[in-house]
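Morning, everyone. Let me put it up.

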Amino acid sequence: MDLDLTKEQGFIKSSAREFLKKECPVSTVREMRDDPEGFSRDVWKKMAVLGWQGIMIPEEYDGMGGDFLDLALILEAMGEVCCNGPFFSTVALGATAIINLGTEEQKKELLPQISKGNLILSLAVAEPQQWYGLDDIQTTLTDTGQDLVLNGAKLFVENAHISDYILCVAQGPGKGLSVVMVDPRSPGVQSSPLSTFAYEKQCNATFKNVLIPRANILGTMGEMREDLEGLLEFAALAKCLETVGVLQAAFEQSVEYAKSRKQFGRAIGSFQAIQHHCANMVVDVDGARFISYQAAWRVARGLPASAEISMAKAWTGEAAKRVTALSHQIHGAISFCDEFDLHFYYRKAKACEAAFGDVQYHLDKTADRLGLV
């Protein structure tokens, strides 16, 4: 494994951190939490000029032609400022689905629009009767011979309220799974916003006798389970990289606070207990980064990475709990005051921990691969 950045990747990393700290600092989360859309379309367009939405889209479809490591660097930088908005749902989920599952006509039509920042996408998987994964999907896609009809309900659909298409996972036709692109403005589609812990914009979405054009099918109807499992693994790893950025920022803020905050006439960082807290934090942060980038490196080279992804998600989830808890212990009660930024990192870490499978889910998958289940 070689984790040295190329010259181009070094530029992506530095420019992403510089851009986000200027255009989308963590204070933006406070400003946008009551905004109906939850993000700045001006900043979204600036990201498109930088090529971020097209970072993994092949050049023949007006993208940058990058790989997963290029995307990972942007996601980590976004985690450092707790960036909310439709980047993850559009790029890490939607664009990846179309690149891997779309027909040539769909790629020519949709991918250039994503690159230009003209298209926002979301992925709808979770349902009321399940926690996570592809088992017990009860949303149905029925082929009547003339029409395709979608019925069901989805939970936690990120950015459904502003999406141009919701990529919806459904059961059928038959016993397999399908993926359909749903126009949220279609008759029978309703979405309602949720109040979320990390101020991310998520919705419940319902589909009642929604007619789906056959041109909106991604992949082969009723045969998409294996492809979807790959997409969800990809999403879990992308969330790991975002988590690394969140934890790095929480750690850096805590060390700076420990150096500047004085008690009993001395900086609190001079006390052994605080020193041990900071040491434990950096071990967790570097461990999360290493195990996540190891998996990312394998994905970027097209190597099998399912085991590495589950290990990374389980590790970063536990690290997220420990690092943010220690951050709050170092800061004391002030960290829970709204005018202080640290609570945004705690909220974001908790959201990342649960997204695309929590610690227990990925530990179970790891044990399964060891032949222990």
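Start with the second largest pocket, which holds about 390 Å³ of space. This is a predicted model: local features need pLDDT of at least 70, side-chain atom pairs count only at pLDDT 80 or more, and totals for chains, interfaces and linings use all residues. Residues are numbered from 1 along each chain as its sequence is written, and side-chain values use heavy atoms, with hydrogens and water left out.

A pocket here is an open set of points on a 1 Å grid over the protein atoms alone, where a 1.4 Å probe fits, with protein on both sides within 12 Å along at least five of seven lines. Lining residues have an atom within 4 Å of a point. Volume is the space filled by probe spheres set on the points, which are joined across faces, edges and corners.

Helices are DSSP runs of H or I, at least four residues; strands are E, at least two; both are numbered from the N terminus.

Now the largest pocket. Its volume is about 570 Å³. It has 28 lining residues, with F156, Q202, A354, A355 and F356 nearest the centre. Two or more lining residues come from each of helix 5 (87-101), strand 1 (121-124), strand 3 (148-158) and helix 10 (342-354).

On to packing. Helix 7 and helix 8 (residues 272-300) pack at about 155°, axes 9 Å apart. Axes are lines fitted to C-alpha atoms over the stretch in contact, and angles run from 0 to 180 degrees between N-to-C directions. So helix 7 is roughly antiparallel to helix 8, a term for angles over 145 degrees. Contact means heavy atoms within 4.5 Å. Among the contact residues are F234, L237 and C240 of helix 7, and V285, A288 and V299 of helix 8.

What about helix 5 and helix 7? Their axes come within 10 Å and cross at roughly 150°. That makes helix 5 roughly antiparallel to helix 7 as well. The contact includes F88, A92 and L93 of helix 5, and D227, L231 and F234 of helix 7.

Notes. Parallel < 35°, antiparallel > 145°, perpendicular 65-115°, else oblique.
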